[in-house]
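Please look at the structure shown here. The text below goes through the arrangement of its parts.

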Amino acid sequence: SYTTDTKSREENRKTLESLYSLSVDITKIRRLKEWVLLQDVAYAKELAGILQEMGADETTVANIIERCPEAILHTPAEINSQRALWQLVCQNEKQLIKLIEQFPESFFTTEHHQNQKANILFFQELGLKNNIITRFLTSAPNIFYNPVEKNKNVIETLQRNYLNLGGSEANMKIWILKLLSQNPFILLNTSTAIQENLEFLQRNDFTDQEVLQLLSKLKGFIFQLNSTTMQKSMFFSKNVFKCSDQELKQLVLKCPALLYYSVPVLEERLEGLLKEGISVAQIRETPMVLELTTQIVQYRMKKLSALGYDIKSGNLESLNGTKKDFEVTFGKIQSKKERPIFNPVAPLHIED
């Protein structure tokens, strides 16, 4: 909105003076977004006043402006409107200031104010808790820029399909809220794309129950795919594992990543595993290992190897899971190894 020919313009002296008085590091702004300093009108002191009124100290104000210099170009009326909007979901102004400091770009995007407000109210009606909505505002702000009708349309498509696939009316609300909490970016898709992806799975002989299972396992990421990439990934897996359509379906249900990751990603991960001496048969037995990057696999194998645990000769279960899961598995293997092979308190039977 503020494009300008920077070479023919001079920095606004009044803006510079205001920023100096607020202890803002102007060299940071010059490096980051110098064009802000060239604008004829800015509201640095007014912005600082509003933030201080909300409880921000001098350091916090300076930090916010340095991280998001264009904040000073918004009028006090725009800032106050945004403040009132975020207060709909924030517990108090202390929490709001903390969020503004962490995510200034999200807060100072004021262009879609009416859409943001309508979507916040829609999410509250839907039953999403305020702490989840604040997480969306900071981590997925663009879902609020959609007209509320578009988001409603996507939710209605999901609800309709959930019921059509055999989901119960009683569980539908919980399912939708969980799906949204895990992946709010579902709302950036069109209802047509969602419909097409579900139909693709049904065409590939996944039962309604299995499609529901995949939707929950994939945390909604399936809606960000398209039938062409899914088809290619399935074809790649079928060739690698030399399996029938039915066997492939079981592998996908076990490891939805086979559907979600593109062929180049699957290829790279497979090659990484083979280079470590792991066989295709082992991978087929535990396909979830393909959810891990090559670097994570190498790191985990190295740690297990240090305990004398040879992954190449057994199954790959011990490599699987999140970082926390792996640490639990590693801890169990470690304590098993360290446990004495005899009971030190048991009496010793020594022949005379």
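The C-alpha centres of domain 1 and domain 2 are 33 Å apart. Domain 1 covers 10-110 and domain 2 covers 112-220, with bounds that come from an automatic or database domain assignment. To their contact (heavy atoms within 4.5 Å), domain 1 gives 13 residues and domain 2 gives 14 residues. The two domains bury about 1,200 Å² between them, and 66% of this lies on carbon and sulfur atoms; buried area is the accessible area (1.4 Å probe) that two parts lose on being put together, summed over both. Of the area that domain 1 buries against domain 2, 45% comes from Leu85, Leu88 and Val89, more than from any other three residues.

This is a predicted model, in which local features need pLDDT of at least 70 and side-chain atom pairs count only at pLDDT 80 or more, while totals for chains, interfaces and linings use all residues. Residues are numbered from 1 along each chain as its sequence is written, and side-chain values use heavy atoms, with hydrogens and water left out.

Next comes a pair of helices, which are DSSP runs (H or I, at least four residues) numbered from the N terminus. Helix 12 (residues 191-203) packs against helix 13 (residues 208-217) at an angle of about 130°, and their axes are 10 Å apart. Axes are lines fitted to C-alpha atoms over the stretch in contact, and angles run from 0 to 180 degrees between N-to-C directions.

Key:
Helix = DSSP H or I, 4+ residues; strand = E, 2+ residues; numbered from the N terminus.
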